[in-house]
Amino acid sequence: MSVPMEISVQNVTNGGISHDQTGIVPEPGVASSPAPTMAEDKFLVSVEVSLKPSSTARIEDVKLAVERMLEKRSLSYVDGPIDIPLSDTFLVDNVQRICICDTEEWVGNHDILLFWQVKPLVHVFQLSEEGPSEDLDGDSQLSSFSEWALPAKEFDGMWESLIYESGLKQRLLRYAASALLFTEKGVDPFLVSWNRIILLHGPPGTGKTSLCKALAQKLSIRFSSRYPHCQLVEVNAHSLFSKWFSESGKLVAKLFQKIQDMVEEENNLIFVLIDEVESLAAARKAALSGSEPSDSIRVVNALLTQMDKLKSSPNVIILTTSNITAAIDIAFVDRADIKAYVGPPTLQARYEILRSCLQELLRAGILSSSQDGDHVILLSYAGLKDKLASATTENSQSHWDISKYLLEAAEACEGLSGRSLRKLPFLTHAALVDSKCHDPTKFLRTMINTISRERSEIPE
Ligand SMILES: Nc1ncnc2c1ncn2[C@@H]1O[C@H](COP(=O)(O)OP(=O)(O)OP(=O)(O)O)[C@@H](O)[C@H]1O
Ligand SMILES: [Mg+2]
């Protein structure tokens, strides 16, 4: 049996589908990878361009216009949206948003890239507004899968909202890029073994399901020139094990036949998400011990066989998640090449998650953006660390004090999941005695109390 490896994909070769098309490039300073001087000795930086829903412009035309606009822009490159010049009516009419991505990979949180150091890789896309289509299973009214055309409006911004220890998201992107490159180049799987099955495992609420969806969305954007049609199929494992077991075998066959049909079109890139795979394992175990109908083992086996069949198709990536963090020695997981542990957020991640929540409350006007006549400034974690290192005790009272409270709150949240963190601002607001209070400092003080209450309610 093959031994799944923990994710650690760093040495991605240069060129081909992976870097030219995706901007997913080797980490600087990784021992055996080439230096980060890519095309023409420049850093490849991805620039994502989202078209307006109403736009009918050709992707190629927009790409050219953005490239030209960027050439004229003698500014720095940092992650985030950039303004579209009002004088460029073509872009103003057609483009919703232009976003610089992944620069932090090169320079960390501290430095910036200057325009002459950068070769932008422009990816133009239009979000699908269709929403999921579901397949309802006859009588039971349980859908056995949901399906989205990617990139989907529903997942817009999800990737950016997920905050992890540095590198996790990039490593996943690079892994997928390498897997697709190997396939594209026809590497013989008997000589070099790899597959396109990813398992994210970790405690509840750490964003595994969201990360799978966000990864599929991101890849659909980065690979859009090679694969103009991308689809995400979310298999509902629970409904496959509904009480209509006798139907389940048929459901699996029907589902995978559908996936197989999509895969046959070589311009399609298909992501299959099988969430909470441990439910399959549990069903199998129960069947073996005789406490479940033997149908269930047939269903699991059918699923595994179908997955093995799919593995040979070059344009499929199978994404799986599991809550079981200890060794998972089930046949299912054994098939995954890449296992990435997704743990509770670190202090920096907790700070950034809470900061993004607060920024949203400021934007929505629930919190006041000025305090004692000063504009409220929420420093980034790296910015705050710098300030704290250089601040003297005399001038420590300042307009960025609010960030210090935020750090205190983030420290108090140790052990809470990302899901709990994102709920905190709401619980805090509900706990305010004066619900019309817009003062960010008071809000953060209340938040710190709310955190200790939340923590005391976590079951041991
Ligand atoms: N690291 C994180 N950064 C930002 N948000 C996070 C993070 N982890 C979790 N969240 C938030 O928590 C919510 C729940 O995440 P999700 O359902 O993907 O977790 P999960 O790991 O699949 O949970 P479960 O194991 O219970 O299925 C998401 O909407 C996301 O906003
Ligand atoms: Mg989940």
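Strand β2 (residues 43-51) and strand β7 pair in the parallel sense, and 8 bridges join them. Helices (H or I, at least four residues) and strands (E, at least two) are DSSP runs numbered from the N terminus, and two strands pair if DSSP finds at least two bridges between them. The model is predicted: local features need pLDDT of at least 70, side-chain atom pairs count only at pLDDT 80 or more, and totals for chains, interfaces and linings use all residues. Residues are numbered from 1 along each chain as its sequence is written, while chains are lettered from A and ligands numbered from 1 in the order in which they are written.

The pairing of β2 with β7 belongs to an open sheet of 4 strands, whose order is β4-β5-β2-β7 and whose pairing is mixed. At the edges of this sheet are β4 (80-82) and β7 (118-125), each of which pairs on one side only. From one strand to the next, the twist averages 30 degrees; angles run from 0 to 180 degrees between N-to-C directions, and axes are lines fitted to C-alpha atoms, for helices over the stretch in contact.

S50 has F125 in β7 as its bridge partner. Helix α2 (residues 59-72) packs on the sheet, where α2 touches β2, β5 (95-101) and β7. The direction of α2 makes about 150 degrees with that of β7. Strand β2 also pairs with β5, here in the antiparallel sense and over 6 bridges. Within that pairing, E48 has C99 in β5 as its bridge partner. Strands β4 and β5 likewise run antiparallel, joined by 3 bridges, and P81 stands opposite C99 in β5.

Two points of the backbone deserve attention. Most residues other than glycine have a negative phi, and most peptide bonds are trans. D102, in the loop between β5 and α4 (104-107), has a positive phi, near 65 degrees. The peptide bond from L150 to P151 is cis, with omega near -10 degrees. P151 is found in the loop between β9 (142-150) and α5 (158-161).

On the α15 side, the meeting residues are I402, Y405, L406, E408, A409 and A412. Their counterparts in α17 are P440, T441, L444, M447, I448, I451 and S452. Residues are in contact if their C-beta atoms, placed from the backbone, lie within 7 Å.

Finally, ligand 1 has 19 residues around it, and G207, T209, S210, G418 and R419 come nearest. A residue is near a molecule if its C-beta atom, placed from the backbone, lies within 6 Å of it. Helices α7 (208-222), α13 (347-363) and α16 (418-431) each supply at least two residues of the shell around ligand 1.

Notes
Contact = placed C-beta atoms within 7 Å.
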